[in-house]
Amino acid sequence: MKKAGLIMIVGSLLLLGLFKFPLWNIMLGAPQYPEPMGMDIYITGIQGVQEFDIQNIDGLNHYIGMKTIPKPEEMWEFNVFPLVIGGMAALGVLLGVLAFFGKVNAWLLLGWLLLMSILGVLGMYDFNVWLTDYGTNLDPNAIMKMTNLDGSPMSYKPPLFGHQKMLNFDVDSYPALGAYLMFAGMLLTLMAFFVGKYEWSKKHKYS
Amino acid sequence: MKTSLNISILLLLITGLFSCNTKDSKDGNKGALASNAAEKVYVAPGEHDEFYAFVSGGYSGNLTVYGLPSGRMFKEIPVFSQFPTSGYGYSEETKPMLNTSHGFIPWDDAHHPDISQTSGKLDGRWVFINGNNTPRIAKIDLKTFETTEIIEVPNSAGNHSSSFVTENTEYVVAGTRFSVPVPQQDIAINEYKGKFKGALSFISVDPEDGKMSIKFQLMMPGFNYDLSHPGRGKSHGWFFFTTYNTEEANSLLEVNASQNDKDFIAAVNWKKIEEYVNNGGGKMMPANYAHNVYDDFTHTATSTMMKEVLVVDPLEVPGAVFLLPTPKSPHGVDIDPSGEYIIGNGKLSADLTIHSFTKMIKAIENKKFDGDAYGIPILKFEEILRGTVKQAGLGPLHTEFDGKGNGYTTFFISSELVKWDLETLEVIDRKPNYYSVGHVMIPGGNSAHPFGKYAVSMNKITKDRYLPTGPELEHSAQLFDITGEKMELLLDFPTHGEPHYAAGIPASIIKENSQKIYKLAENKHEYATIANGDARVERKGNEVHIYMTMIRSHFTPDNIEGVKVGDKVYFHITNHEQDFDVPHGFAMIGANNSGLLIMPGQTKTTVWEPKEVGVWPFYCTDFCSALHQEMQGYVRVSPKSSNLELSWSLGDD
């Protein structure tokens, strides 16, 4: 299972890209913002695409009563996510090494992927909960209290994925490089599973 | 009969149309129909112009920024004149910019902008411009498009043959139009001859930060030094100045200064004089002139009075200065991109005189002199003359170059722009100007590398070119396409004040460097309020200092009490925005100076002296946000005798 092990190691290591590159990106463009403002969401915190974007987004959001964009220390996720990602990468590498020496079978590699997927879905769920709170839990003394046509308060929840028009802003929310590296890594671990299964069966057929 | 006449007219019109269309654009003088001039100047909404043009404002004292080919104005940059739009010259920070040896001079007559160069190419770092009236040279930083330095020029009067830069911006040069007694003294005006001097000032420019300082002043005979230009390429190291009134008349110059058949172009070997000065040459003389510097980080200008200047007697540096006889009171002197041709625009003649730099050097080597003026050798006219552009027009003033072997000369009296060939000296094309053109500008025209796509002529008389606006009209500029054999008039556009020259540059060289905001974290203003919690009010005797911040859409603090009649109230206001193009204004009722316009990250100060008891409002003047109208506050003014303590607040109703 040499090949499967190697693929598993590479795939797991790609997760570490999340420490360097953003997981998600949300861009906000408007008529008066021809160069859109943007947030890069890292597993360790949220940063502006340009130097002053966070400050400027917060400045605009205060009109509609949104909370300021959280600092790393204001959200437990930014402490836990790096541990989870680091841990999963380490576990993946360990499984890869064991697989390389034929100590584990391919199903364990698939198990890692399953765990990673569950954690990913949980992460997305948590992210969405935060986005919902961020976009709907508004200051009752907000300067502008916008309502929908039916009179219900307007939500400013950015889309989890895709484009949405919000007042004068066009909001685009998509995965960023870190996420793509993670997806590629997860695909590689899936490949490691199939390769591993093949190698395992080949080896055990003739032995 | 009538119908047939109509038909024949119609036929004529149609044939006219067709003939226009079939003859294509070889002849550029067909108007918009045939040559699609409109398309050539159309810059679609949201698109950018290809060139910046920095156009002097003359008696406005300022510099305006235009785009070419659209002719749209982008900005007026305050230089020598107070500018209530932004508070320049009114705010405490910028008042020192307009300090001079004559005290505070809030106006001037701004003439000749020139862009800094490196190796003969425009580098787009700074624009220099001269104040003609109270002799000054200003530097505008092309990162912020703001005036950041002004140096006064002593021993001068009518700073007209200025402010042109050498090939590597080693110097920006300023020459006096009026000769004056040096040092100034109480003498009879008819003692002019011999007693008056003409100072030519070489102001060094620091290659790193652009800081200006007067390296030396060359004390020339008492002629009028009209214009100047640097040598370049082979003539780099020389500077050329036109003179008139070599008669040294002091009265009714109109007649008395127009008698000599020839005046001079003074050729100055500044490299030689620089070497002389570096070796301890020249004489320090007492002087009094202001040097004003604005700092982008303290957002504050300081004015220093300089007390001496190094002067050089041309006779002490043999071989450094020569006089080139040039017919009929030459106005402009222009050097072609190669540095070989020295063009004298004899304003009272119909001809252009072209001297050859190579021949000039040879004449100097072979001592082909025709006497001297106050000991300065006069070169023999025939020995240096390369040729004459004959009967090119009437009243030549200025020449620019396209870098393709052609010169473009303005003729004031015959009101036309004339294109001629630098080799054959033959006229290629002439186009009327509406009306009475002064300067012409081709981007990069005063450099070794002009960008010969457009020429802009700046006209002195407007009359009927635009909708009438009473007796006083803006001046008019005209844009020509000069890419073809013939010039093609594309556009008229009005200009502010009286442009005396402009400097153009491809937008690509500077637009990426244009700063968007000032960083609050880099604000070093003495009275800045960086942290919101630091907003406060302090009293020092009868001075009240308000440390205020502004951000969409409130002032902190917004209500202030405890101010008394007779106080001097300093509003030190810091704009906390860090977003592009979100300035805030500040206006206080009854302010005797001006409002303020404060850029993101910047601090400005205005002084208000309340004269009446009451509660007086202030507000933001720049429509900054949907809640701009809410951006306001009050100052309560109590009687002089009041014991009310200072207090201030924000948002606690």
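Figure 1. Let us start with B:Ala53, whose place is in strand E1 of chain B. Like everything shown in these views, this residue belongs to a predicted model. Leaving aside residues up to four places away in sequence, B:Ala53 touches B:Tyr66, B:Leu68, B:Met441, B:Val456, B:Ala502 and B:Gly504. As a landmark in another part of chain B, take B:Tyr341, which is 288 residues apart from B:Ala53 along the chain, with 26 Å between the two C-alpha atoms.

**Figure 2. Strands E1 and E35 of chain B.** Which strand does E1(B) pair with here? Strand E1 (residues 51–56) of chain B is joined to E35(B) by 5 bridges, in the antiparallel sense. Within this pair, B:Ala53 has B:Gly504 of E35(B) as its bridge partner. Strand E35 covers residues 502–506 of chain B, and 4 of its 5 residues are buried, so this strand is largely enclosed by the rest of the structure.

**Figure 3. B:Thr300 in strand E19 of chain B.** Here the view moves to strand E19 (residues 300–312) of chain B, where B:Thr300 lies. Is B:Thr300 buried or exposed? B:Thr300 has 21 C-beta neighbours inside 10 Å and therefore counts as buried. Its contacts, not counting residues up to four places away in sequence, are B:Glu93, B:Asp295 and B:His525.

Figure 4. One place to look is B:Ile342, which stands opposite B:His355 in E23(B).

**Figure 5. The open sheet E27-E28-E29-E30 of chain B.** This sheet has 4 strands, is open, and has antiparallel pairing. Strand E27 (396–401) and strand E30 (427–432) of chain B stand at the edges with a single partner strand each, so one side of each has no neighbour in the sheet. The twist from one strand to the next averages 20°. Strands E28 (residues 406–411) and E29 (residues 416–421) of chain B run antiparallel and are joined by 6 bridges. To follow the pairing residue by residue, find B:Thr410, whose bridge partner in E29(B) is B:Leu417.

**Figure 6. Two helices of chain A.** Helix H1 (residues 2–13) of chain A has 12 residues and reaches 17 Å from its first C-alpha to its last, close to the 16 Å expected at 1.5 Å a residue. Among the buried residues of H1(A) are A:Ile7, A:Met8 and A:Ile9. Helix H3 (residues 77–100) of chain A has 24 residues; at 1.5 Å a residue it should span 34 Å, which agrees with the 34 Å between its end C-alpha atoms. Buried residues in H3(A) include A:Phe81, A:Ile85 and A:Leu95. Just after this helix, A:Gly102 takes a positive phi of about 70°.

Figure 7. How many residues of chain B are in contact with chain A? There are 5, and they meet 5 residues of chain A. The chain B side of this contact has 2 nonpolar, 1 polar and 2 charged residues. The model scores ipTM 0.86 and pTM 0.91. Chain B averages a pLDDT of 93, and 94% of the residues score at least 70. Over residues 7–28 of chain B, however, pLDDT stays under 50, and the model has 12 contacts beyond four places in sequence for this stretch. Where pLDDT is low, the predicted coordinates should not be read in detail.

Methods:
Residues are numbered from 1 along each chain as its sequence is written. Chains are lettered from A and ligands numbered from 1 in the order in which they are written. This is a predicted model: local features need pLDDT of at least 70, side-chain atom pairs count only at pLDDT 80 or more; totals for chains, interfaces and linings use all residues. Two strands pair if DSSP finds at least two bridges between them. Axes are lines fitted to C-alpha atoms, for helices over the stretch in contact, and angles run from 0 to 180 degrees between N-to-C directions. The expected span of a helix is 1.5 Å times one less than its number of residues. A residue is buried if 20 or more other C-beta atoms lie within 10 Å of its own, exposed if 12 or fewer, and partly exposed in between; C-beta atoms are placed from the backbone. Two residues are in contact if their C-beta atoms, placed from the backbone, lie within 7 Å. Ala, Val, Leu, Ile, Met, Phe, Trp, Tyr, Cys and Pro count as nonpolar, Asp, Glu, Lys and Arg as charged, and the others, Gly among them, as polar. pLDDT is the predictor's confidence in each residue, from 0 to 100.
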